[in-house]
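Here's a quick walk through the charged side-chain pairs in this one. Have a look at the sequence and the model first.

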Amino acid sequence: MPGFPEFGPHLFRPEAVDEETRAFNAQLEALLQTVPAVHTQPAAVTRAQRESGQGVFGPIVRSDMAVERRIPGPGGALPLRLFVPERVDGVYLHLHGGGWVLGGAHHQDPRLEAIARTCHVAVVSVEYRLAPEHPYPAGPDDCEAAALWLAGNASQEFGSDRLVIGGESAGAHLTAVTLLRLRDRHGFTGFRGANLVYGGFDLTMTPSVARWGERNLVLSTPIIRWFIEQFVPDPARRRDPDVSPLYADLRDLPPALFTVGTLDPLLDDTLFMYGRWVAAGNEAELAVYPGGVHGFNLFPTALARRANERIDAFIRRVVEAAEPAGEAAAR
């Protein structure tokens, strides 16, 4: 794709990192050193701080465009947060990040509103249950239920059955799990694309996670280990393909865009999953951003704008693409 260099060693050289990104990363690392790391206090404390606006990144910005909705879910009423623009060409099912422990459907309102307006899609963000109060499989069960509801109701609710799914970090993990569950449990392969942004796909920990160490650039090895322990307490379960989709049969999945920065401990997760996705016969793109930390596309930098522009272009492209052969029969 023009303007985006192909994958290669040049992306990982120090000189590939632009000055703005380098300065931002230094400021971010210094800021994170002034507050307790998330794995050193109960999840409920971090959640309360963030909701009150006292978290490290300040108050949560809410969109006037957002509308709350509830559908039946496996744990009771399942909240959804909707962003519906005037023109709807498709529907984007969004699964938020936060290590399966933190975050919420209302934490990325500005970005989700931008996707809705720029891509002409109704955005449906899922308020899935969080660990440790609700460990695996609660969160994946909720995401599966939301996707199944959308598969059956998108046309009636939003005027389009052109579906895309995606998320960041734990949300990218849940995206892969949800696609596999819909394929295997419900025979549904109707999603047109998957937007997989710096996901964690191997909960036994890839080399880049295990070797990262204590350095906190949003994530560190101890933080990731703690998230995994909250979500899947039993280590024996962590190589199950429903927990670590890197080990799943990945055939018959939609075109995907994999996005990651070179300073993300989850780098290997993206590189490995991209390789397996393609080897399974699926279409995929890999976008690696020099100096990008975990969550980089949610910060106010030129690097974030580049990444989000490519993500938006991908969503528009898969929504506008002609219906794949055999897709209608799969519905």
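## Salt bridges overall

Searching the whole structure turns up 19 salt bridges, a salt bridge being a side-chain nitrogen of Lys or Arg within 4 Å of a carboxyl oxygen of Asp or Glu.

This is a predicted model, where local features need pLDDT of at least 70, side-chain atom pairs count only at pLDDT 80 or more, and totals for chains, interfaces and linings use all residues. Residues are numbered from 1 along each chain as its sequence is written, and side-chain values use heavy atoms, with hydrogens and water left out.

Arg69 pairs up with Glu157, with 2.8 Å between the closest N and O atoms. Helices (H or I, at least four residues) and strands (E, at least two) are DSSP runs, numbered from the N terminus.

Arg69 is partly exposed at 28% relative accessibility, and Glu157 is partly exposed too, at 30%. The cut-offs are under 20% relative accessible area for buried, over 50% for exposed, and partly exposed in between (1.4 Å probe, protein chains only).

## Loop to helix

Arg129 and Asp142 also form a salt bridge, 2.9 Å from N to O. Arg129 is in the loop between β4 (121-126) and α4, while Asp142 is in helix α4, 13 residues apart. Arg129 is partly exposed at 24%, whereas Asp142 is buried at 2%.

Arg183 and Asp184 meet at 2.7 Å, N to O, in another salt bridge. Asp184 is exposed at 54%, but Arg183 is buried at 15%.
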